[in-house]
Amino acid sequence: MAESFGTDAERYDQARPRYPQAMVDRIATDSPGPGVLNVPDVLDAPDILDVGCGTGIAARQFQQAGRTVLGVEPDARMADVARRLGTAVEVATFEAWDPAGRHFDAVIAGQAWHWVDPVAGAAKAAQVLRPGARLAAFWNVFRLPTELAEALAAVCRRVMPGAPFDFRAVAQGGLDTHQPILTKAADGIRAAGAFGEPEQWRFDWEWTYTRDAWLEQIPTQGAFTRLPPAGLAEVLEGVGAAIDAMGGSFTMPYATVVITTTRTAPA
């Protein structure tokens, strides 16, 4: 599934939600930049490493906040879009990526850290982070309106009867379904032994979707990226009808949740 998002990288970039500015600002502010160090040879170097940067959605938001970002992305198709939109990217999995002696003031990962080995990833982040620098993995967690969640679950059960998903839980969403991911990320950080105690930050926001905007996002979601065209068309038809019954649009509550910590000084 992790390798399937690049099948339509352009749609992914256009349809996927962005991150709340309050979160971007807090991470950017809490991560010291190269200018603070006043070391001439790093002033123009990337100061944030974006792990699993995809098409550069998070990277561009941090660039707009005044930071310099380097992405690491295993899918060359996603990386191509990110480069075209202004983010430097190196193609590799984070575990196999060669930092070539470079160090950073923050390592971030948006919607991606669950694809990284939690202990090896935290150890690699510790390798490239300066003392006091921040590791921040974050996810957009949504909760579909009940009637839309029920419609999506019903059509998914018809189209994908053997799929290993609890469609009702996935469709309803919410923090409960993401807690195992958050716990695994925090436990990996603790196991790496190079960070302070992980914190969990939460940023609540909402977004109103038209029928077409939500149907554009569905094919970019992991449960549907490998679905045959006929099956996907049936899912979109069922969900579209449910949104029509709601008046053609709906407001989605989001919580962007961050697992974060800072690099301790080596002993």
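In which hand does H6 pass H9 in their crossing? The legends below take up this point and others.

**Figure 1. Overview of the predicted protein chain.** This is a predicted model, in which local features need pLDDT of at least 70 and side-chain atom pairs count only at pLDDT 80 or more, while totals for chains, interfaces and linings use all residues. Residues are numbered from 1 along each chain as its sequence is written, and side-chain values use heavy atoms, with hydrogens and water left out. The chain comes to eleven helices and seven strands, where helices (H or I, at least four residues) and strands (E, at least two) are DSSP runs numbered from the N terminus. Of its 267 residues, 51% count as buried, that is, under 20% relative accessible area with a 1.4 Å probe, protein chains only.

**Figure 2. The buried residues of helix H2 (residues 21–30)**. Met-23, Val-24, Ile-27 and Ala-28 are the buried residues of this helix. They lie on the same side of H2, because they cover an arc of only 125 degrees around the axis, the arc being that of the directions from the helix axis to the C-beta atoms. An α-helix has 3.6 residues a turn, so residues three or four places apart point the same way. The buried residues of H2 pack against helix H4 (57–64) and against strands S4 (104–110), S5 (129–142), S6 (199–210) and S7 (249–262), with contact meaning heavy atoms within 4.5 Å.

**Figure 3. Helix H6 (residues 118–128) with helix H9 (residues 175–192)**. The two axes come within 8 Å and cross at roughly 55 degrees; axes are lines fitted to C-alpha atoms, for helices over the stretch in contact, and angles run from 0 to 180 degrees between N-to-C directions. That angle makes H6 oblique to H9, given that angles under 35 degrees count as roughly parallel, over 145 as roughly antiparallel, 65 to 115 as roughly perpendicular and the rest as oblique. H6 passes H9 in a right-handed crossing, meaning that the near helix is turned clockwise from the far one by less than a right angle. Pro-118, Val-119, Ala-122 and Ala-123 of H6 meet Lys-184, Gly-188, Ile-189, Ala-191 and Ala-192 of H9.

**Figure 4. Helix H7 (residues 146–159) with helix H11 (residues 229–245)**. These helices pack at an angle of about 160 degrees, with their axes 9 Å apart, and are therefore roughly antiparallel to each other. Their crossing is right-handed. Residues of H7 including Leu-148, Ala-151 and Val-155 take part in the contact, as do residues of H11, among them Gly-231, Val-235 and Ile-243.

Definitions and conventions
Buried means under 20% relative accessible area, exposed over 50%, partly exposed in between (1.4 Å probe, protein chains only).
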